[in-house]
Amino acid sequence: MTDTVRTRFAPSPTGYLHVGGARTALFCWLYARKHGGQFILRIEDTDEARNTDAAKQAIFDGMNWLGLDWDEGPDIGGPCGPYSQSERKEIYDRYFEKLVAAGRVYESEGAWRFRFERKPVTMHDLVCGEVTIDYRDESNTPDMVVRRSDGSYVFHFVNVVDDLEMKITHVIRGEDHLMNTPKHLQLIEALGGTAPAYAHIPLIQNPNGSKMSKRDEGAAVGDYPKQGFVAPALVNFLALLGWSSKTEEEIFTLEELTQRFSLEAVNRSPARFDAEKCAWVNQQHLIRMSAEDFAAAALPYVVAAGLSPGEQFGTVAAAVQQKVRLLGEVPEAVRFLLEDEFPMDSAAVDKVNATANFDELLQGLQIAFAEVSEWSGENAKAAIAIAATTLGVKAGQLMFPLRVALSGKAGGPDLALILELLGSERSLYRIEQLRRLLA
């Protein structure tokens, strides 16, 4: 066994990268990086009927987007390759012959079964604690098939061989594999190998407590960038599914997670997936971005929505940076700043219409704005105060109808910023448009 920590993520390319798999990969990556070790990507692609190149690429794309780089893998090679199981049959044949020579396998109906030693097997899991399976009762623990009648090998066998060959020191995987581990320990012992340390992490559940499947909302990592999540936020959220910093803090960069992560802080109980919490975590990461980085990240979503960003897009984007949870929300949040045709919130318009003297208020704003010689946000805001004095009302009474006229919304960026970005002519035009709408 090497002294260097070596972890692995071994997905099967039968579909997209699932958040459960991504969370497992993250924990493996964090543990390896925390201890200055290596993280290996291994592709379990022996199921020829279900594996696809597109699914394999989805794994690579998802891992790259999340920022989880690997030190050895099918695309970059390494000293323990090949890293795709479909290319390792000669290695499996060699290990199988070891079991034959040791008398630990026998043929049964064309398949080959591994002969368990009939004794209790105890494993010491780094998350779940001590677990014992009693193999003395053969009716509960029948000898397992390791080689099928067609010559192919089962998961349990190739998984163990790969971990031994790749010198894996720590196997971090989902709790659904917990009961497989005593089988693996018996195989490792029969092969004369040294077992890695095992850590079985809690499963991810839907809000209703059911196991999160590939069909459930939020399951596909590839959907997150489409919706406007940023990778550091999803990584942050996935880390919180089963791990705790033991503090009140919840927002972390990947570097901070690496420093703080430990298997001792992984919870035993299942983790509940909360889409609202995920969006909130994303919002916190967006808020912490520089204005320049936020604008650059939001730009593709704005362009994809058919909007022309214009020269002032940096300022436009900054106006809504504190307001959106997802980058996918930016186009509708800034549409009124980029185009003069935009949807009006009917509830907000009705509220203005319900104000007894709304037309008088809007007309008073038009008069005050028309007298502003040098237009700026602050000068326009000062004109609002002048209009309020002239009308004999509080300035606050003018804010809501003005906001609705300018943006079609009941809330949004600071009014002074909106007025500055729109300019005098467009601001006056929009006030007139609302007056006509409600006339």
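This is a predicted model: local features need pLDDT of at least 70, side-chain atom pairs count only at pLDDT 80 or more; totals for chains, interfaces and linings use all residues.
How many bridges join β3 to strand β4, and in which direction do the two strands run? Colleagues, the answer is 4 bridges, and the strands run antiparallel.

Strand β4 covers residues 111-114, and β3 covers 105-108. Together with β7 they form an open sheet of 3 strands in the order β3-β4-β7, with antiparallel pairing. Because β3 and β7 stand at the edges with a single partner strand each, one side of each has no neighbour in the sheet. From one strand to the next, the twist averages 45°. Helix α3 lies across β3, β4 and β7, and runs at about 95° to β3.

Is Asp143 buried or exposed? Its relative accessible area is 7%, and since the cut-off for buried is under 20%, Asp143 counts as buried. Its side chain is joined to that of Tyr106 by a polar contact of 2.8 Å. Leaving aside residues up to four places away in sequence, Asp143 touches Tyr106, Arg113, Phe114, Arg115, Phe116, Arg118 and Glu138.

I turn now to the aromatic residues. A search of the whole structure finds 14 aromatic pairs. One of them is formed by Phe96 and Tyr153: the ring centres are 5.9 Å apart and the planes stand at 55°, so the pair is tilted. Why does this pair tie together separate parts of the sequence? Phe96 belongs to helix α3, residues 89-101, whereas Tyr153 is in the loop between β7 and α4 (155-165), so the parts tied together are 57 residues apart in sequence. Phe96 and Tyr153 are both buried. Ring pairs also link them with Tyr92, Trp112 and Phe157 into a cluster.

Finally, two charged side chains deserve mention. Arg147 lies over the face of Phe96, at 4.9 Å from the ring centre. Lys98 lies over the face of Tyr95, where the corresponding distance is 4.4 Å.

To close, Phe96 brings several of these points together: the residue lies in α3, takes part in the aromatic cluster and has Arg147 over its ring face. The helix to which Phe96 belongs lies across the three strands with which I began, β3, β4 and β7. Thank you.

Methods. Residues are numbered from 1 along each chain as its sequence is written. Side-chain values use heavy atoms; hydrogens and water are left out. Buried means under 20% relative accessible area, exposed over 50%, partly exposed in between (1.4 Å probe, protein chains only). A polar contact is a pair of N or O atoms within 3.5 Å; within protein, one must be able to donate a hydrogen and the other to accept it, and residues adjacent in sequence count only if both atoms are side-chain atoms. Contact means heavy atoms within 4.5 Å. Rings of Phe, Tyr and Trp (its six-membered ring) pair if their centres lie within 6.5 Å; planes under 30 degrees apart count as stacked, over 60 as edge-to-face and the rest as tilted. A charge sits over a ring if NZ of Lys or CZ of Arg is within 6 Å of the ring centre and within 35 degrees of the ring normal. Two strands pair if DSSP finds at least two bridges between them. Axes are lines fitted to C-alpha atoms, for helices over the stretch in contact, and angles run from 0 to 180 degrees between N-to-C directions.
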